[in-house]
Amino acid sequence: MISFSHVYKTYAGSRGQEIHALRDLNVEIARGEFVFLTGPSGAGKTTFFRLLSAYDRATSGQATVAGIRLNDLSGNDLAYYRRKLGVVFQDFRLLKHKTVLENVTLPLIIRGESPNAQRERAMQVLQDVGLHHKANEWPEQLSGGEQQRVAIARALIHRPGLIIADEPTGNLDPELSEEIMDLFEQANAQGTTVVVATHDHELVRRRNKRTLRLLAGQISDAELAAKGGMEWAHR
Ligand SMILES: Nc1ncnc2c1ncn2[C@@H]1O[C@H](COP(=O)(O)OP(=O)(O)O)[C@@H](O)[C@H]1O
Ligand SMILES: [Mg+2]
């Protein structure tokens, strides 16, 4: 599903020096996998997601998702690709002047589906995240954990093949973090490929998932050696 081969993302630093946010990154993630992406601040997690969501291009190397070469995307193809993803951020990014229901429905409105079908599907995903009773409230009336559940409902409403979440529990306390992870696992159980970036090691440790550790723009050897296992967590 996801294939990165010799991917570099290089930024120009303030003194003109090159910053390799990703350096010679090689990674394969299969359709239907659930993968954690860990690593300290500055390791390149967000950069990886910016490339995955085609908001930014690799400086060199090949990045493909479902056979689509991300470097070559432009125009309608780019817009179409982005609309097919589900993306969740640390800071929720809900529109504060729209109700919960309107926020969740947004990805369908852009696609021009009938209002009844939209509403029905939105209520269904709100039910999936346990918030159908808050459909007509404003985001600011909800707790942080509830806002993130709304953001996840919005990310899932168009049944994306891939959902990426960049530190989705970074603003939440541990108990709520577990609820959020349960929702990603539910989506994964229904066939969605899920990639979650987090630097919460406890959270990763509690779930037995493939874990990639980014360090200075590269997947570290420890994780490659322990692919699919949990050994790395104890080193
Ligand atoms: N737009 C940018 N310009 C210059 N440097 C950047 C830019 N975006 C990210 N970086 C640098 O790239 C590296 C990786 O950043 P990032 O992907 O945000 O890491 P993480 O999400 O793991 O904290 C950091 O050194 C960061 O300072
Ligand atoms: Mg980040």
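The legends below describe close-up views of a predicted model.

Local features are given only where pLDDT is at least 70, and side-chain atom pairs only at pLDDT 80 or more, whereas totals for chains, interfaces and linings use all residues. Residues are numbered from 1 along each chain as its sequence is written, and chains are lettered from A and ligands numbered from 1 in the order in which they are written.

**View 1. Surroundings of ligand 1.**
The shell around ligand 1 consists of Tyr11, Ile19, Ala21, Gly39, Ser41, Gly42, Ala43, Gly44, Lys45, Thr46 and Thr47; a residue is near a molecule or strand if its C-beta atom, placed from the backbone, lies within 6 Å of it. Four of these residues are nonpolar, six polar and one charged. In this division Ala, Val, Leu, Ile, Met, Phe, Trp, Tyr, Cys and Pro count as nonpolar, Asp, Glu, Lys and Arg as charged, and the others, Gly among them, as polar. Strand 2 (18-29) and helix 1 (45-52) each supply at least two residues of the shell, and helix 1 gives the most, with three. Helices (H or I, at least four residues) and strands (E, at least two) are DSSP runs, numbered from the N terminus.

Six of the eight residues of helix 1 are buried, so the helix is mostly covered. The buried residues are Lys45, Thr47, Phe48, Phe49, Leu51 and Leu52. A residue is buried if 20 or more other C-beta atoms lie within 10 Å of its own, exposed if 12 or fewer, and partly exposed in between, with C-beta atoms placed from the backbone. Just after helix 1, Ala54 takes a positive phi of about 60 degrees.

Six strands form an open sheet of mixed pairing, in the order 6-7-8-3-9-10; two strands pair if DSSP finds at least two bridges between them. Strand 6 (85-89) and strand 10 (218-219) are the edge strands, each pairing on one side only. Strand 7 (residues 162-166) and strand 8 (residues 193-197) run parallel and share five bridges, with Val195 in strand 8 as the bridge partner of Ile164. Helix 5 (residues 144-156) packs on the sheet, touching strand 6 and strand 7, and its direction makes about 165 degrees with that of strand 6. Helix 6 (residues 174-189) also packs on the sheet, where it touches strand 3 (34-38), strand 7 and strand 8; its direction makes about 155 degrees with that of strand 8. Axes are lines fitted to C-alpha atoms, for helices over the stretch in contact, and angles run from 0 to 180 degrees between N-to-C directions.

Gly86 and Val88 make up the covered face of strand 6, and Leu85, Val87 and Phe89 the uncovered one. Strand 6 runs parallel to strand 7, to which five bridges join it. The bridge partner of Gly86 in strand 7 is Ile163.

The largest nonpolar core has 56 residues, of which Val104, Ala153 and Ile163 touch the most other members. Helix 5 gives the most to this core, with six residues. A nonpolar core is a set of buried Ala, Val, Leu, Ile, Met, Phe, Trp, Tyr and Cys residues joined through C-beta atoms within 7 Å. Leaving aside neighbours within four places in sequence, Ile163 is in contact with Gly86, Val88, Ala155, Leu156, Ala187, Thr192 and Val194; contact requires that the two C-beta atoms, placed from the backbone, lie within 7 Å. Ala187 lies in helix 6 and is buried because 21 other C-beta atoms are within 10 Å. Not counting residues up to four places away in sequence, Ala187 touches Leu156, Ile163, Thr192 and Val194.

Most residues other than glycine have a negative phi. Asp24, in strand 2, has a positive phi of about 50 degrees. Asp24 is partly exposed, with 15 other C-beta atoms within 10 Å. Ala66, in the loop between strand 4 (60-65) and strand 5 (68-69), has a positive phi of about 50 degrees. Ala66 counts as partly exposed, with 13 C-beta neighbours inside 10 Å.

**View 2. Arg83 in helix 2.**
Arg83 belongs to helix 2 (residues 75-84) and is exposed, with 12 other C-beta atoms within 10 Å. Arg83 touches Pro107 and Ile110, not counting residues up to four places away in sequence. The C-alpha atoms of Arg83 and His158 are separated by 8.6 Å, and the two residues are 75 residues apart along the chain.
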